[in-house]
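Student: I would like to go through some of the labels used for this structure. Please show it first.

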Amino acid sequence: MNVEFYQGKKLKKKKSMKTFEKEFNAKTKLETLDQYIHSILNKFDPEDKIEVCIQEFYGKQFVTVKILDRVLN
């Protein structure tokens with residue numbers, strides 16, 4: 001178990017950040033990207049904080065989904 005200290009208090013990390021990345025064709029519909037994102041989110045706690053980034057360049061769309069660390073006191 002990972003343990004960190006913050007101002008003398010012991011904090012426990014429940015899980016580490018997970019990152020999912022996938023490359024799509026530039027003409028891929030937003031509905032398809034949405035399905036990919038939801039397929040990832042269905043595997044995690046709905047209260048987890050997330051970051052979703054969709055970038056388009058060089059004729060491709062890149063989707064990055066980050067499930068952020070959760071720290072419990």
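Student: Why is phenylalanine 24 called buried?

Tutor: The model is a predicted one. Phenylalanine 24 has a relative accessibility of 10%, and buried means under 20%, so phenylalanine 24 counts as buried.

Student: What makes phenylalanine 24 and tyrosine 36 an edge-to-face pair?

Tutor: A search of the whole structure finds four aromatic pairs. In the pair of phenylalanine 24 and tyrosine 36, the centres are 5.6 Å apart and the planes are at 70°. Rings pair if their centres lie within 6.5 Å, and planes over 60 degrees apart count as edge-to-face.

Student: Is threonine 28 buried or exposed?

Tutor: Its relative accessible area is 19% and the cut-off for buried is under 20%, so threonine 28 is buried. Threonine 28 sits in the loop between strand 3 (18-25) and helix 1 (30-41). Beyond its neighbours within four places in sequence, threonine 28 contacts Leu33 and Gln61.

Student: How do you know that strand 3 and strand 5 pair?

Tutor: Pairing needs at least two bridges. Strand 3 and strand 5 (residues 60-67) have eight, in the antiparallel sense, so they count as paired. Glutamate 23, for instance, has phenylalanine 62 in strand 5 as its bridge partner.

Notes:
Residues numbered from 1 in each chain as written. Predicted model: local features only at pLDDT ≥ 70, side-chain atom pairs only at ≥ 80, totals over all residues. Heavy atoms only, no water. Helix = DSSP H or I, 4+ residues; strand = E, 2+ residues; numbered from the N terminus. Buried < 20%, exposed > 50% of the residue type's maximum accessible area, 1.4 Å probe, protein only. Contact = heavy atoms within 4.5 Å. Phe/Tyr/Trp six-rings, centres within 6.5 Å; stacked < 30°, edge-to-face > 60°.
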